[in-house]
Amino acid sequence: MNILNTVGVAPYMIVSALLFAIGLFGIFASRKNLIVILMSIEMMLLSANLNLITFSSAFGNLTGQVMVMFTLTVAAAESAIGLAIVMVYYRNRHSVEVQDTTMMKG
Amino acid sequence: MTPIASSLFAIAVFAPLGGFLIAGLLGRVIGDNFAKFISILGMIIAVACSWCVLGHLLNSNAGGVTVPLIDWIHAGNFNATWYLRMDMLSVSMLTMVTSVSLLVHIYSIGYMAHDSMPTYRFFAYLSLFTFSMLMLITSDNLIELFFGWEAVGLSSYLLIGYWYTRPSAVAAAIKAFVVNRIADLFFLVGICVLFILSGSVFYDDIFHKIPELAQTQYHLYGYSFQAYEFIALLLFIGAMGKSAQLFLHVWLPDAMEGPTPVSALIHAATMVTAGIFLMARMSPLVEFAPHVKMFIVIIGATTAFFAGTVALAQPDIKKSIAYSTCSQLGYMFVAVGVGAYQVALFHLTTHAFFKALLFLGAGSVIHALHDEQDMFKMGGLYKKLPATCLLMWIGCLALGGIFPFAGYWSKDAILEAAWMFGGSVGHYAWIMTAITAFLTAFYSWRLLFLVFHGKPRDQKIYDHAHESSLVMTLPMCVLATGATIGGIVLAPYYIGVHQVAFWGGAIFNAPSNQIMSLMHHTPYLIAKTPLVLGVLGIIVAFVCYIAVPKIPVAAASGLKGVYQFLLNAWYFDKLYDFIFVRPYLALSKVLWKVGDEEIVQGMPVSIARITNRSAKTVSWTQNGSFALYAFTMAIGLVVVLATFLIYH
Amino acid sequence: MMPIILFYIFATILLLSAVMVVCSRNSVHAALFLVLVFCNASGLFLLAGAEFLAILLIAIYSGAVMILFLFIVMTMQTNLVQLKEGMQSYMPVGFCIAAVLVVELIIVAINWHIDPQIAQASQQPLLQNMSNTQALGALIYTDYILLFQICGLVLLVAMIGAIVLTLRKRPNNRRQVVARQHMREPHQSLEMRSIELNKGVDELGGFLRPKETYFGVSQEDSFGPKPGDKMDITEKRQQMKEQSK
């Protein structure tokens, strides 16, 4: 019943590659909005998850799916922390523009 | 040799050092007078000890003895233990140096009395100077000798520049130091070559090896010459610097910037005689270098003549005497060159008496006239300074070589030796020194007549003149005694019938070198010529400066070129300024402006600038914008992936 | 055939909505498109046979994370229109990098191969007969129990971190020390006064609270000016009274 027997692994990988690239592009393209950057990071993580699941299914090995669970956990934690940081940042600077984030230096 | 004599010998050498250390280091604490007392006490001890040693040595007739002090340098096969060498050469020098130095110390109490600064420093330097010279003459190896040699240079630097607030004194001190360094370099190379050849720096080892190494030859541009010629030449150049021979004499007249007692010390005992001493000490080696001996004779004779002529025209009382020293040193080198080292040392000793006397006398005059040194502003001072006048007369009689004063014996001996040496070189030396004898008498009496006789030229200065105190005249009296009877008493020992027993092998004459006996057989006319010329010089001086004072004025204006030539000391200073100093300064300036400021200093500065700029550039990447950080990360990811793909 | 069509539908919507996430000017729209992305991704997960994770994705992301995003976006009230103005100048660089990355990843995707023996060895026959959820549970609570626990810790830390980051002390926050409040006796907070008839309390300064007890139970610096301060509540009232007159 495995989809991979019919669709194949490569399309999945290409989809995940494109998703990753879009996420990456999003990081640069939306230099003005921190929240969109967080979203882009979520998409990149998702593309990684997609890859893990693809190979898990392809090899009949569930370890990949377990890893996806952990990745999801970490991604959730990351977005929670990230949003908290954005929140604090906004509170202090009244802006979420990426170009204003120039305080990460000594 | 009894241990007591050795101990006394060591005490004589180190007592001045003690005086220097206490007076110099604690002078501020113990007070000026006490410091003076200490340094003079050190000198008194040294003099007493040295006379005891001299007496002992005369009685015991023992040869060279070394007094071990401490281990100094042991490096590989290089060995320089610190010994003191006690033979007649060092002991006679020791006695002379300590005695003269003591007198100068005592004299300085009076001379420096009106100095505005505390004078313990001056006395400490004097003691250091004496100690350096003693170290030099009592050395048992060349390294010790070189130590003393350099220490003498250092202390002369300190003393010439004693009045360090005067720019001219500082310049003179630097000049003396630098000129001596140039000569010392040759000397040092000579020591090195000698060590390479003989494997030792000890005199005894070197002298023992001389016969077997006499055949060693160096080759240069197709010429072969003996190694000993080369070494002797290097050593002689070193001696030329210290003893102010022609071409390296330029520091001596400038050294007159120091206080007058220092000049007395430099000229009589502690510095310029070092060169003569070195030649006498290395006589076993110099004897094997006939060509260098010729060279020494020529340099010595030329220097004697040169300095004699220059002394004629000097208006400055001290410079006139300074050139006279230069001239007399030329005499000594003539004696060295002809192989009559004993005669050189004899003249050295008598010269020490009368030259110290002359300088102290000049100091007395200068002191009396409140630092006026121009002879043409003096005159008629015999009424005001009778004692000084009398003592200066004695000094000039000795310098002029008038019988029976000390100079007569030693100077005549040199001329005889030069004549009997024969050959064109010997005769050249005889003619030059004979002319110089005339010049010597002339400029000496010129000095006397200008200063003490005739009419006062500057009434104001004349009125304020006063005779010096007893503390200044007494040392001069002692020296005057030496200048009067020194020759007649010492001649038999130094050069006469007792000379072989007296020196006890401390000075070496090659078997072929019979000058010491030959010189007593000089033709009568030749032997008496210098005396005649000396008297003639006195008469001419009398005519020129007392009887018809217009003659020198007319001569100076008529022969303006010659006068200027002599006044400027044959333009040596200008020549050196042109040849060495200015190119050197120009080069220094180039190196300073380009080498140092542009390159040496420029490198770190531009490195700093580059660092600064690149850091600024790089710090742009650390601008705190996390967008850029993310961007960089992404590029890194792409690059890593690309690398993986390419090399996979 | 049906799964293939489904795959392409899901994939296409996924990528398009991903592009929309990046390109939309409005952050709220972007967040909503992100929900779409995750829904489609869970569809792909389903097709790949990872039912549990598909549900998980929808539950976590669409349910929790995206709500969080929307909540934040809407809280910030920024001028959403102006957000994207600076985008154009950086676009080419970002596009180039993304394009290079896509090319590289596609090259990897096409060229990858794996040793069949390894593929064979990586099979987990024991889990073959279980449903996906059951198999995951069997793995998580056995082989990966420690990692699973650590995941819990990660979430805990994330929670604490988010609270610490966003918690702030306002000077006028009025917070009480509950224990002290419980310990308080009536006479500490109440003062009995006898007030004459028809007089009111205004002459006494209005209704007053015993200050010392009031400040005694509150957090340090968390309640207004102290009695010694320049402007305490009594004075303020008197001032207001004067103004009204």
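1. A salt bridge here is a side-chain nitrogen of Lys or Arg within 4 Å of a carboxyl oxygen of Asp or Glu. By that rule, the interface of chain A and chain C holds 0 salt bridges. The model is predicted.

2. Polar contacts do occur between chain A and chain C: 6 residue pairs, with both residues at pLDDT 80 or more. On chain A, the elements giving two or more residues to the side that touches chain C are helix H1 (3-6), helix H2 (9-29), helix H3 (34-59) and helix H4 (63-93). H4(A) provides the largest share of that side, with 23 residues.

3. In extent, 68 residues of chain A contact 81 residues of chain C. About 6900 Å² is buried between the two chains, and carbon and sulfur atoms give 82% of this area. Phe25(A), Met39(A) and Phe59(A) supply 10% of what chain A buries against chain C, more than any other three residues.

4. For chain C, an unreviewed UniProt entry places the feature "transmembrane region" at residues 6-23, 30-48, 54-73, 93-114 and 144-167. In the model, residues 6-23 of chain C are 100% helix, with end C-alpha atoms 25 Å apart. Residues 93-114 of chain C are 86% helix and 0% strand, and their end C-alpha atoms lie 35 Å apart.

5. Chain B has 28 helices and 4 strands. Of its 648 residues, 56% count as buried. Among contacts in chain B with a separation of 6 or more, 80% join residues 24 or more positions apart. Chain B exposes about 25900 Å², with 71% supplied by carbon and sulfur atoms.

Notes:
Residues numbered from 1 in each chain as written. Chains lettered and ligands numbered in written order. Predicted model: local features only at pLDDT ≥ 70, side-chain atom pairs only at ≥ 80, totals over all residues. Heavy atoms only, no water. Buried < 20%, exposed > 50% of the residue type's maximum accessible area, 1.4 Å probe, protein only. Contact = heavy atoms within 4.5 Å. Areas by Shrake-Rupley, 256 points an atom, 1.4 Å probe, with all protein chains shown as cover. UniProt positions renumbered as here; feature names shortened; annotations may be inferred. Buried area = accessible area lost by both parts, 1.4 Å probe. Polar contact = N/O pair within 3.5 Å; in protein donor to acceptor, adjacent residues only side chain to side chain.
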